[in-house]
Amino acid sequence: MSPTIAIYRRELRSYFSTPLAPVFIMIFLVLTSAFTFYLGDFFQAGQADLQSFFLFHPWLYLLLVPALAMRSWAEERKSGSIELLLTLPVTVWQAVIGKFLAAWTLIALTLLLTFPIWLTVVWLGDPDNGVIFASYIGSWLLAGTFLAIGSAISALTRSQAMAFIIHASVCILFLLAGYPIVLSMMQVLFDQSIVDAISGMSFMTHFSSITRGLLDLRDIAFFLINSIAWLLATVLIIDLKKAG
Amino acid sequence: MIEASNLCKNYGPLLAVDNISFTARPGEVLGLLGPNGAGKSSTMRMIAGFIAPSSGTATICGHNIEKKPVEAKKCLGYLPEGAPLYDELTTEQFLRFVARARGMERNSQRGKINIALERLSLRGVAHQTIETLSKGFKRRVGLAAAIMHEPSALILDEPTDGLDPNQKHDVRILIRELAKERTVLLSTHILEEVEALCTRTIIVANGKILADATPAELLAKSRYDRAVSIQVTDSISARAALDGMPGVTGFEQNALDGRLYVFTKTKSRTDEAIAERLRQRHVAFTDMRVERGRLDEVFRSITMPEAKA
């Protein structure tokens, strides 16, 4: 376990010794506030909840998580430090998990720093804190799944720009999987049963059911299993590249 | 102990490493010598477990690198080509990361890091971020990370590349010291390093082993080994005097300083016989020397047999 912790700590330190972490946190906070108050009609809605706040999280993650995830493996490959990392007595799993957890921690920290908005609703009204808590968990799980996808895509390439673009595209596909824009396209290509399966993969559907206050085990499992599957893919990709 | 047996590596249609086998034992400094692109780095990367061999196996201290990678890597210190590091960390943070990732005991970490900093004279830059360090310092940080856990096997890919002559000297002393009870495999294309450091040399080109010998054995293959050289004003009469002398096989004149080299077939001393002959024929000469073998010439003749040295 100790190699995982060492890698985790090093990653986290890298986030904070470069402007990446502060910039990520700042932009997330500024954009969530802007979206919540201007686009989300937080005040006009007249409701003491954070619906309009969480509504925009998937779209912000679409922009920000690829920026965070693109460096995780692509940069190691580019700088050559991957050779150092993988010749330490560390398994690929430990390295993948360590990196993933570090990025996920940064997102957790960012979400925690949005607490003033929660204080605002508490001060203005009497919100359902259970729903808010569930929504925070849902948002964090969604971000984790995005990160896991990004980890696999970052492991494929040494170009961070490439990783960013592909990652964002894959994420948008998963977000919109339940929407007509994707489904009508799929209907042309596949059988109805496959189309239903694809619509069941929609991140948005699972995320919005959590933000409605239903912390259903199935939704949690959906995100966790998805994350693990993508992390497993990352390990496989790194192993395959070793043989290449 | 480092063992490579029948290692091969294909990159698509390119056969980068072609059936390389050797064993390096404790106390040995085995130098992989070869032109750029010969397959030295690929071979080392396979042994260190960074890339998987297309076929063949490698073991470190008895642990197969593919079947028992963690055990094998535990007794290995590896300096990759170009010594990649995490630039945003300070020297000390970097070494601490490596110590932790290696699972070194918490209370011995501090001491081992200090010893490594001391051994590579890195004390002064311990709190400087790696990206601000010069090439020589970076290489030494990489070396410090490779030796910190006192591994019984060391693989160093061009350990003195980018160092100035004084640093090269220091690193060579360090490697020799480390090699006393360890196995060291290093690659280089600096020929003087082979003589200064290696107990055994393997010459590789196009992925194949072309020679496996001690530096002295390689030097003996040189045509300059025990050749006699003289300064003469009249080289034509000198050649005429020596031509046909038993054992003399050929001449060469250095275009720059006019020194005349007399090559002989025998490996015994011929300088006195040559001096005697020249005196008999009244050919004036000065500064007679018995030459040593030249590694660059041996290297060229082994790696580029079609080119005349």
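Two residues are in contact here when their C-beta atoms, placed from the backbone, lie within 7 Å. This is a predicted model, in which local features need pLDDT of at least 70 and side-chain atom pairs count only at pLDDT 80 or more, while totals for chains, interfaces and linings use all residues. Residues are numbered from 1 along each chain as its sequence is written, and chains are lettered from A and ligands numbered from 1 in the order in which they are written.

**View 1. A144(B) and the nonpolar cores.** A residue is called buried if 20 or more other C-beta atoms lie within 10 Å of its own, exposed if 12 or fewer do, and partly exposed in between. A nonpolar core is a set of buried Ala, Val, Leu, Ile, Met, Phe, Trp, Tyr and Cys residues joined through C-beta atoms within 7 Å. The largest such core has 130 residues, and A144(B), I155(B) and V184(B) touch the most other members. Helix α8 of chain A (residues 129–156) gives the most to this core, with twelve residues. Another core of twelve residues lies apart from it, and includes V228(B), I230(B), A238(B) and V283(B).

**View 2. Chain B as a whole.** Helices (H or I, at least four residues) and strands (E, at least two) are DSSP runs numbered from the N terminus. Chain B holds eleven helices and 14 strands, and its C-alpha trace spans about 80 × 45 × 30 Å along its principal axes. Of its 309 residues, 42% count as buried. An automatic or database assignment provides the domain bounds: domain 1 of chain B covers 2–220 and domain 2 covers 228–291. Taken over C-alpha atoms, the centres of these two domains of chain B are separated by 45 Å.

**View 3. The sheet β2-β1-β4-β5 of chain B.** Two strands pair if DSSP finds at least two bridges between them. Four strands of chain B make an open sheet in the order β2-β1-β4-β5, with antiparallel pairing. At its edges are β2 (14–24) and β5 (63–64) of chain B, each pairing on one side only. Seven bridges join β1 (residues 2–11) of chain B to β2(B) in the antiparallel sense, and A4(B) stands opposite F22(B) in β2(B). Helix α1 of chain B (residues 40–48) packs on the sheet, where it touches β1, β2 and β4 (55–60) of chain B, and its direction makes about 120 degrees with that of β1(B). For such angles, axes are lines fitted to C-alpha atoms, for helices over the stretch in contact, and the values run from 0 to 180 degrees between N-to-C directions.

**View 4. Strand β3 of chain B, covered on both faces.** All five of the five residues in β3(B) (residues 29–33) are buried, so this strand is largely enclosed by the rest of the structure. In a regular strand the side chains alternate between the two faces of the sheet. In β3(B), V29(B), G31(B) and L33(B) lie on one side and L30(B) and L32(B) on the other, all of them buried. β3(B) runs parallel to β8 (residues 183–188) of chain B, with five bridges, and L33(B) stands opposite T188(B) in β8(B). β3(B) also runs parallel to β9 (residues 200–205) of chain B, with four bridges; here T201(B) is the bridge partner of G31(B).

**View 5. The sheet β12-β13-β11-β14 of chain B.** This open sheet has four strands in the order β12-β13-β11-β14 of chain B, and the pairing is antiparallel. β12 (248–253) and β14 (285–290) of chain B stand at the edges with a single partner strand each, so one side of each has no neighbour in the sheet. From one strand to the next, the twist averages 20 degrees. Five bridges pair β12(B) with β13 (residues 259–264) of chain B in the antiparallel sense, and Q253(B) stands opposite L260(B) in β13(B).

**View 6. A103(A) in its helix.** A103(A) belongs to helix α6 of chain A (residues 92–112). This residue counts as buried because it has 26 C-beta neighbours inside 10 Å. Not counting residues up to four places away in sequence, A103(A) touches L68(A), A69(A), S72(A) and L147(A).
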